[in-house]
Amino acid sequence: MKIVSLQSVGLGAAYTRGDGEQIIAPDEIYVGTTILSSSGNSLDVTVTEINYQQGDFEAYGFEIYTVHTSDGHIRVLPADKYIAEWSE
């Protein structure tokens, strides 16, 4: 199985509607799509792969997602702040 998308929990962009109600839109990352900046502009970088990793670095256990992109970079996200969608 592999991860096809991530959705943030408690993170994202905050918007205020016309009636004053504040809405928080979660960050969403999908394999095969372009990453957007915090202002909603395309970064011209495509997500190629998302992986889950669990580690014990310097006696601190933690879980992360690594997001691999077309520009050769790997972005590291905390697993406790994202929900992964898995697929075959």
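**Close-up views of the predicted model**

**View 1. The lining of the largest pocket divides into 12 nonpolar, 6 polar and 3 charged residues.** Here Ala, Val, Leu, Ile, Met, Phe, Trp, Tyr, Cys and Pro count as nonpolar, Asp, Glu, Lys and Arg as charged, and the others, Gly among them, as polar. The model is predicted, and local features need pLDDT of at least 70, while side-chain atom pairs count only at pLDDT 80 or more and totals for chains, interfaces and linings use all residues. Residues are numbered from 1 along each chain as its sequence is written, and side-chain values use heavy atoms, with hydrogens and water left out. The largest pocket holds about 520 Å³ of space, and of the 21 residues that line it, those closest to its centre are Asp27, Glu28, Ile29, Leu36 and Ser37. A pocket is defined on a 1 Å grid over the protein atoms alone, as an open set of points where a 1.4 Å probe fits, with protein on both sides within 12 Å along at least five of seven lines, and its lining residues have an atom within 4 Å of a point. Grid points are joined across faces, edges and corners, and the volume is the space filled by probe spheres set on the points. At least two lining residues come from each of β2 (13-16), β4 (28-30), β5 (34-36) and β8 (74-78).

**View 2. The largest nonpolar core of the chain has 11 residues.** Its members are Ile3, Leu6, Ile29, Ile35, Val47, Ile50, Tyr65, Val67, Leu77, Ala79 and Tyr82, and the elements that give two or more residues to this core are β1 (2-8), β6 (42-57) and β7 (60-69). Such a core is a set of buried Ala, Val, Leu, Ile, Met, Phe, Trp, Tyr and Cys residues joined through side-chain atoms within 4.5 Å. The chain has 0 helices and 9 strands, where helices (H or I, at least four residues) and strands (E, at least two) are DSSP runs numbered from the N terminus. Not counting residues up to four places away in sequence, Leu6 touches, among others, Ile29, Ile50, Tyr65, Val67, Leu77 and Tyr82, a contact being heavy atoms within 4.5 Å.

**View 3. Tyr65 and Thr66 are both placed in strand β7.** Tyr65 is buried, with a relative accessible area of 7%, and Thr66 is likewise buried at 4%; buried means under 20% relative accessible area, exposed over 50%, and partly exposed in between (1.4 Å probe, protein chains only). With neighbours within four places in sequence left aside, the contacts of Tyr65 include Ile3, Leu6, Tyr52, Pro78 and Tyr82. Although Tyr65 and Pro78 are 13 residues apart in sequence, their C-alpha atoms are 6.3 Å apart in space. The side chains of Thr66 and His68 are joined by a polar contact of 3.4 Å, that is, a pair of N or O atoms within 3.5 Å, of which, within protein, one must be able to donate a hydrogen and the other to accept it, residues adjacent in sequence counting only if both atoms are side-chain atoms.

View 4. At 68% relative accessibility, Asp44 counts as exposed.
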